[in-house]
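Okay, thanks for coming, everyone.

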Amino acid sequence: MSEQATVAAPRVKPVETFRGDFTYSNSPEAIRRFPFPFHRDDYMYSVNIEPHDGTPPGSAYAPAFDIDEHYLSEMAERRTVLEEDPKRCQVLPYMMEAQWDTLELMMTSLAADYPEHFSLTRDGDTWTWENRLLDIRDTFTFKDADTLPLEPFEYITRQVQGDFTLHGQRNDMLYMDGGMVTCQADWSLDFDLGMNFYEWHGPVPRAHEMGVFERALKYLLTLKVGSPVRRLNWTMTVNPRMDTSPENYDKWGIDRATITPDNVGELAHLRVELQSLWRLPRSNAILFSIRCYLISMEELATVPKWARRFHRVLRDLPEDLADYKGFIGFRPTVLDYLARHDDGAATSPGGAPD
Amino acid sequence: MSAVDSIPVRVAAIETVSPFIKTFTLEPTDGGPLPAFSGGSHVVVTMQGRDKNHRNPYSLMSSPYERRFYQISVRREDDGRGGSKFLHGNVRVGDQLFVSPPANLFALNELGRRHILIAGGIGITPFLSQLYELRAQDSDYALHYAYRRADDTAFLDRLAAEHGERAHFYESSQGHYLDPGRILAEQPLGTHVYVCGPEGLIDTVVTRARRLGWPASHIHAEEFAAPPSGRPFTVVLDKSGDELEVGPDDTVLDVLEDNGYAPDCSCRGGVCGECETAVITGEIEHHDDYLSEEVKREHSRMMICVSRAASERVVLDL
Ligand SMILES: Cc1cc2nc3c(=O)[nH]c(=O)nc-3n(C[C@H](O)[C@H](O)[C@H](O)COP(=O)(O)OP(=O)(O)OC[C@H]3O[C@@H](n4cnc5c(N)ncnc54)[C@H](O)[C@@H]3O)c2cc1C
Ligand code: HEM
Ligand code: FES
């Protein structure tokens, strides 16, 4: 997917914040390429998986791992979270092959998709990695962890936007065997570590009974090297806050009570996760990438189709899903805001802006 | 065959191991490193024959730590569909073939404390790549390898040299038979057993292990029987009246797309539900995990990404 120049070189903004003064915002270009997740005017859980195949050109879906204008901000945020809580990055000891698999996949993908920002030079096992955005240039020996400043998984995931988890496949089951998780929607790597696919999905309403997880797991067990897949997930977050972890619930839980009709357009955000799944070649493990995008209601409303559709989706979302996703309390205020942007006109199929 | 699906390779060497077995060394045509893989993986080899293409899975027997080439060993099957005969008779050094990225349905359990590998005949191939891993990781393992005649296998000397007392050989023409019951009975609790070879050997090992109380999660088998490809059939599109032929290795979805249609689809693997299509007449051979058993029995709908017609014609509401 990488040789074709499907990926526009991103303009990268100076560091903005996801906490405190919350200076994060989206440029008009970032809004246009936002992965709006609704193809219809309603939403229900399904096994919404499709090939992650480099399409559509120029979109946030096209790159293997999407790098955008928030790169520096998200990498700075990750460093801050890890300083406060090193347990956000943990990998079980037998996952060393998967760590190197991840490093190789990310380095080769980034260098192919964004040659002006990243490059990888390989001379046998001697590799030189250059990340011009973060001013990193390291020469190391592939498969020799002592030649890198950090373990390979932590080293590379500190340089790529999104959370990442690693899953060994044993007994026709996937296990939570490691991850770098600093921008999650209210779940904890430390808590889920070692759990299996059904266990870590335990809290999700309806989907178990619908057979969604059974079918999804069956599909993932046969995932092939070189044929990654993707899906979208979504929720709402107050303020552009990346780290909505259970560990820091005391810091963000109360934000939900601060939403008023006056500030809702600015404070309420649609949070979309572009998730991609990769079979790793040497370890036979699966890498799960959870790339988080945030857009405020004000920004969303600049695309009339999205405001109309999100209004309808949110209005008709069943109570148990709204409760699980954590926005049932402030949903009415958001609906009042969005209703003003919904004239009842029909919306076109698909998620792209008109 | 999509781009990610096929890696062009050049046949760099062919070694005749026995009258029945040849080993092929495959190098990437573009010179770049081949995808890494894990022990027990196979690739699907596509051969362009004169009348038809053959697509057969073969286990990678070369080292998983080697990315300049792959090696496969192929046993000639005279009464098959012809893929192995083509490799034996028509493929020469320098020819181009295509391989899929490696897939593994026979991986070692990386948390296993002890591994028993039982091979019959050509079923040794997936173990050859696994053995590199077991040795590199200093694992506790043993190989039990049964074959008809020593002349038919080239791997004996190498296995004996590299694995010493961990390798056990059974040459049936000399009256040495592998006794799965005895091998299994001697193993400590928690051992994993892996078997690959003729159907009879696999059945015996699996049944014995079960009877001895081994958990299913510790019994691993790989059969070389590729799933039979389907029978060809005709799809009739009710709305346009178009009639399209679906070949043995095609899916209805692929054929529709090749003919300019863009039916709804997402996963292309029978789980998401997007491609559900109403069937007007025809019987369906269902391969999906989406439709309920009840709907499947009615033959009223089909998932066109994976399911096929059981009748010669099927009329779809498209
Ligand atoms: C995961 C996997 C790994 C494999 N690894 C190896 C390997 O390392 N080395 C190797 O030599 N082979 C391997 N095989 C087998 C290989 O893919 C081919 O099946 C084999 O080479 C024979 O190919 P063929 O085209 O000549 O015959 P095939 O058509 O594939 O026939 C194989 C056997 O099935 C029988 N058969 C064929 N069609 C039918 C039918 N319609 N009904 C009933 N019986 C039928 C034939 O009599 C023949 O004995 C592997 C298979 C799998 C699934
Ligand atoms: C290995 C891959 C995957 C990982 C690591 C993963 C992880 C998670 C986690 C941690 C949660 C939050 C659970 C909680 O509340 O604590 C979640 C939610 C969920 N997952 Fe997955 N998941 C994976 C694959 C999938 C797939 C393939 C599907 C396909 C249907 C899926 C569907 C869902 C759904 C529907 C939710 C609820 C989300 C919401 O409503 O906000 N997951 N997942
Ligand atoms: S495309 Fe998903 S079930 Fe057919």
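Predicted model: local features only at pLDDT ≥ 70, side-chain atom pairs only at ≥ 80, totals over all residues.

Let me start with chain B: what percentage of its 318 residues do the buried residues make up? The figure is 48%, where buried is under 20% relative accessible area, exposed is over 50%, and partly exposed is in between, with a 1.4 Å probe and protein chains only.

Before I go on, some housekeeping. Residues are numbered from 1 along each chain as its sequence is written, chains are lettered from A and ligands numbered from 1 in the order in which they are written, and side-chain values use heavy atoms, with hydrogens and water left out.

On confidence, pLDDT is the predictor's own score for each residue, from 0 to 100. Chain A averages 95, and 98% of its residues score at least 70. The stretch to be careful with is residues 1-6 of chain A, where pLDDT is below 50. That stretch still has 14 contacts in the model beyond near neighbours in sequence, a contact being heavy atoms within 4.5 Å.

Back to chain B. Its secondary structure comes to 7 helices and 18 strands; these are DSSP runs, H or I of at least four residues for helices and E of at least two for strands, numbered from the N terminus. The C-alpha atoms fill a box of roughly 70 × 50 × 35 Å along the principal axes. Take contacts between residues at least 6 apart in sequence: 64% of those in chain B join residues at least 24 apart. Chain B exposes about 15,500 Å², with carbon and sulfur atoms supplying 45% of it; that's Shrake-Rupley with a 1.4 Å probe, and for residues only the protein chains shown count as cover.

Now have a look at strand β18 of chain B, residues 313-316. Strand β12 (residues 233-237) runs parallel to it, joined by 4 bridges, and strand β14 (residues 276-281) runs antiparallel to it, joined by 2 bridges. For two strands to pair, DSSP has to find at least two bridges between them. B:Val315 turns up in both pairings: B:Val236 stands opposite it, and it is also the bridge partner of B:Thr281.

Next, salt bridges, meaning a side-chain nitrogen of Lys or Arg within 4 Å of a carboxyl oxygen of Asp or Glu. How many are there over all chains? The count comes to 45. I'll pick out a few.

One is A:Asp41 with A:Arg312, closest N and O atoms 3.0 Å apart. That pair links distant parts of the chain, 271 residues apart: A:Asp41 is in the loop between α1 and β1, and A:Arg312 is in helix α11. A:Arg312 is buried at 8% relative accessibility, while A:Asp41 is partly exposed at 23%.

Another is A:Arg170 with B:Glu110, at 2.9 Å from N to O. A:Arg170 sits in strand β7 of chain A and B:Glu110 in the loop between β6 and β7 of chain B, so this pair joins two chains. A:Arg170 counts as buried, at 8%, and B:Glu110 as partly exposed, at 34%.

Then there's A:Arg241 with A:Asp255, 3.1 Å between the closest N and O atoms. A:Arg241 lies in the loop between β10 and α8 and A:Asp255 in the loop between α8 and α9, so the pair ties together parts 14 residues apart in sequence. Both partners are buried: A:Arg241 at 12%, A:Asp255 at 9%. There's also a network, in which salt bridges that share partners join A:Arg11, A:Lys13, A:Glu16, A:Glu29 and A:Glu69.

Last stop, A:Arg331, in helix α13 of chain A, residues 331-339. Is this residue buried or exposed? Buried, with a relative accessible area of 8%. Its side chain reaches the backbone oxygen of A:Leu314 at 2.9 Å and makes a polar contact with the side chain of A:Glu319 at 3.4 Å. A polar contact here is a pair of N or O atoms within 3.5 Å; within protein, one must be able to donate a hydrogen and the other to accept it, and residues adjacent in sequence count only if both atoms are side-chain atoms. The buried residues of α13(A) also include A:Val334 and A:Tyr337, and their cover includes β10, α11 and α12 of chain A.
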